[in-house]
Every structure is written in structure tokens, then in C-alpha cells.
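Please look over the sequence and the structure shown here before reading on. The report that follows goes through helix packing, the chain as a whole, and a few individual residues.

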Amino acid sequence: MQLSPGKLWGMRRMADADGRFKMTAVDQRPPIKNPIAAHYGQDQAPYDDVARFKALMTQTLQGESSAMLLDPHFAIPRGIQHLSPTKGLIVTLEDSLFEETAGGRLSAQIDDWSVAKIKRMGGDAVKVLAWYRPDASKSVNDHQKDYVKQIGEDCARHDIPFLFELLVYPLASDAHQTQDYVELQGKKTDDVLASVEEFARPDYGVDVFKLESPMNAVDVPGVGNEGWQEAQNIFDEMGRLAGRPWVMLSAGAGKSDFRNILTHAYKAGASGYLAGRAIWLDAFAHFPDWDLMRRGLETESVDYMKDINQLTNSQATRWNEHEIYGPQGAHFTPDNAAFRHEYADFKG
């Protein structure tokens with residue numbers, strides 16, 4: 001498989017010099033807005049507090065990151081001025097507000113934002129999260145599939161990588177009900193795997209998967225610990241189904257649990273992580289003490305990133321070595337027919 005020039009460049013920009021992803025998410029909205037609103041006893045968090053924390057994370061965490069994931073509402077307006085041009089820029093496109101229906105959740109993108117706009121502003125990749133349950137109603141799942149397909153087509157049209165995040169969620173019949181952006185307790189491994197299998201189809205145009213643990217995070221033993229092989233078999237199957245570069249998300253997992261998850265994911269072929277709360281949540285707990293939050297980010301958060309980065313360096317698969325790219329690895333040949341057709345107008 002060859003990559004178009006824009007997708008190849010974006011993939012390289014997201015990774016470190018050795019081809020591994022060490023990406024930090026500061027695009028979360030409800031996980032930051034809701035605790036701040038609760039602190040003030042208000043329904044809505046003050047914009048300045050949310051944006052200030054995102055700018056602070058951008059300043060303090062980018063040093064250990066190969067790329068940063070920013071959102072258009074808060075992180076880009078206040079944080080992009082602090083982002084080093086040596087770091088990859090991923091921009092989230094999905095709205096944090098979703099429609100909850102009797103048949104399941106419907107995703108939508110942020111108003112007045114698009115793949116084209118992200119490309120114009122200099123983004124290196126587009127990230128989209130879609131809630132998905134294989135057993136949701138047909139109309140809901142058709143909507144979600146069409147939504148993802150359209151993003152994939154737009155990313156191909158504008159020649160920018162599509163980084164796709166999947167999260168299972170509770171249906172009305174489930175015991176554990178939550179609208180928070182956290183791991184669904186009691187989630188079924190089969191639901192996670194079936195979701196990956198669906199969106200690995202080529203018509204969705206996914207370049208990189210951002211995946212949750214196929215098991216409850218607290219139940220993942222870590223490679224080498226008791227019962228690890230059974231867990232590894234599940235992670236191996238998820239990697240096989242993904243069939244392209246993939247990274248792990250933390251979904252609110254604690255530091256030690258997320259590290260255990262990474263040991264299995266890397267053994268299964270993952271190329272890194274795109275994580276947020278496992279990195280910065282402990283520091284955020286000091287809100288509204290900004291000095292303590294900064295200190296926590298600069299010490300505990302950075303120390304944790306150094307630890308998982310060392311693990312990533314030693315065990316993660318380079319993104320351009322995945323089998324989907326063939327024995328030559330990810331590459332671009334400028335004399336191929338697709339390139340000549342797409343860029344014909346630029347010839348002298």
C-alpha cells in the first residue's frame with residue numbers, strides 16, 4: 001500500500017523520529033468542564049478556566065509528546081500559540097454533545113468546522129470519535145457508519161490522515177448508565193472487537209485507530225502477571241482486526257492500569273498511545289490552585305510520560321512497518337498513476 005503525499009507527511013508529523021506515536025490529548029471537554037462547573041456550583045464552567053487549563057497542558061506536556069490533540073473550542077484559541085512547530089498538530093472534529101436516542105447515540109461534528117478547515121489551518125491529522133454499539137438500532141448504526149464514511153472521504157479529498165476513535169457506550173437496557181467520557185463498566189469484549197472489525201473496512205478510510213481496552217481496564221493484568229496470556233489473546237485479536245497503525249486511549253484509566261494496557265497493546269502490535277486523563281487527571285484534581293496544577297503537570301505527569309515513552313520506545317511497533325504497507329513499508333512513489341491524476345494541474 002502506498003500513501004498519498006499529504007497522508008504520509010501527516011503520519012510522520014504525528015510520530016516521533018523513530019515512527020512511534022506519543023500523543024497527548026487535551027481536547028477533552030466534559031471531563032474538564034464538568035468538574036470546573038461543579039466547583040463553582042454552576043451549570044456551565046467559565047470559558048477562561050477551561051481554556052487556561054488546556055493552554056497550561058499544551059505548555060507543560062508537549063516536551064514528551066510527538067503530537068498534541070487540540071479542540072477548536074478551547075485548546076486552539078488559547079493553546080496553539082504555545083505549541084512548538086516541531087510537534088504534530090491533531091485537531092478534533094466531533095462535537096462533545098451527542099444525541100441520545102432510544103436506539104443509541106448519534107454523533108455530529110462541531111459547527112462551522114470541517115476537514116477542509118483543519119487542513120487550511122495547518123493541522124497534520126483529523127481526529128473523530130464515534131460512539132458505536134453493534135447491537136444499537138439499525139438506523140442509529142447506519143447514521144454512525146455514514147458519518148464516519150463521510151469524514152474518511154473528506155480526509156482523502158483533502159489529503160490528510162484520518163485518526164478514528166471508537167468507544168462503546170451503554171444502551172438503555174444496560175445496567176451501567178453514564179454519559180461521561182469514561183470506560184463503560186461491564187463492557188463486552190465482543191462489542192469492542194466487532195466495532196473494530198466494522199470500521200477496519202476500507203470504505204471508511206481510517207488511517208490510524210485510537211482504541212479502548214477490549215477488557216475493563218482494572219482487569220488487564222499486564223504482560224507477565226498472572227492470567228496475562230488470556231488477556232493477550234484478546235489484544236492480539238484486536239490488533240489483527242485493526243489491520244493498520246493503532247494506538248491506545250486511556251478513557252479515564254489510572255496510571256498503573258493504563259501502563260498495563262500498553263504492555264499488552266505493544267505486544268499485539270500497537271504503535272503508541274493517544275492519552276489524556278491517565279497523564280493529566282491527577283494534576284487537574286488540584287483545581288483551582290493553578291500553581292499546584294502546573295507543578296503536578298511538570299512533575300508527576302511528565303514523569304509518567306517518560307515512563308510510558310520508555311516502554312513505547314522499547315516495545316511499540318513503528319507505524320510505517322505495519323503489514324498493510326507491504327514489505328517496503330509506508331512509502332510514496334511520485335510517478336504513480338494516482339499522483340499524476342490528482343496533481344496534474346500543478347505540472348509545468
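## Helices α9 and α11

In this predicted model, helix α9 (residues 255-267) and helix α11 (residues 290-315) have axes that come within 10 Å and cross at roughly 15°. Because angles under 35 degrees count as roughly parallel, α9 is roughly parallel to α11, and the crossing in which α9 passes α11 is right-handed.

On the α9 side, the residues that take part are Lys255, Phe258, Arg259, Leu262, Thr263 and Tyr266, and they meet Glu300, Tyr304, Asp307, Ile308, Leu311, Thr312 and Gln315 of α11. Sorted by class, the contact of α9 with α11 is made up of six nonpolar, three polar and four charged residues.

## Helices α3 and α10

A second pair is formed by helix α3 (residues 47-61) and helix α10 (residues 277-284), which pack at an angle of about 120° with their axes 12 Å apart. The two helices, α3 and α10, are therefore oblique to each other, and their crossing is right-handed.

Here α3 contributes Phe53, Met57 and Leu61, while α10 contributes Ile279, Trp280 and Phe284. By class, this contact of α3 with α10 has six nonpolar residues, with no polar and no charged residues.

## The chain as a whole

The secondary structure of the protein chain comes to 12 helices and 10 strands. Taken along the principal axes, the box filled by its C-alpha atoms is roughly 60 × 45 × 45 Å.

Of the 348 residues in the protein chain, 56% count as buried. When contacts between residues at least 6 apart in sequence are considered, 74% of them join residues at least 24 apart.

In helix α7 (residues 189-199), the buried residues are Asp191, Val192, Leu193, Ser195, Val196, Glu198 and Phe199. The elements that cover these buried residues of α7 include the helices α6 (138-157) and α8 (228-242), together with the strands β7 (162-167) and β8 (208-211).

## The loop between β5 and α5

Trp113 is placed in the loop between β5 (104-106) and α5 (115-120), and with a relative accessibility of 15% Trp113 counts as buried. Leaving aside neighbours within four places in sequence, Trp113 is in contact with Pro72, Ile76, Val91, Leu93, Ile118 and Met121. The C-alpha atoms of Trp113 and Thr92, which are 21 residues apart along the chain, are separated by 9.7 Å.

Asp112 is also found in the loop between β5 and α5, but at 70% relative accessibility Asp112 counts as exposed. Although Asp112 is not a glycine, its phi is positive, at about 65°.

## Further backbone features

Another positive phi in a residue other than glycine belongs to Asp159, where the value is near 55°. Asp159 is found in the loop between α6 and β7, and at 10% relative accessibility Asp159 counts as buried.

A backbone feature of another kind is the cis peptide bond that joins Phe287 and Pro288, for which omega is about 10°. Pro288 lies in the loop between α10 and α11.

Notes
Residues are numbered from 1 along each chain as its sequence is written. This is a predicted model: local features need pLDDT of at least 70, side-chain atom pairs count only at pLDDT 80 or more; totals for chains, interfaces and linings use all residues. Side-chain values use heavy atoms; hydrogens and water are left out. Axes are lines fitted to C-alpha atoms, for helices over the stretch in contact, and angles run from 0 to 180 degrees between N-to-C directions. Helices (H or I, at least four residues) and strands (E, at least two) are DSSP runs, numbered from the N terminus. Angles under 35 degrees count as roughly parallel, over 145 as roughly antiparallel, 65 to 115 as roughly perpendicular and the rest as oblique. A crossing is left-handed if the near helix is turned anticlockwise from the far one by less than a right angle, and right-handed if clockwise. Contact means heavy atoms within 4.5 Å. Ala, Val, Leu, Ile, Met, Phe, Trp, Tyr, Cys and Pro count as nonpolar, Asp, Glu, Lys and Arg as charged, and the others, Gly among them, as polar. Buried means under 20% relative accessible area, exposed over 50%, partly exposed in between (1.4 Å probe, protein chains only).
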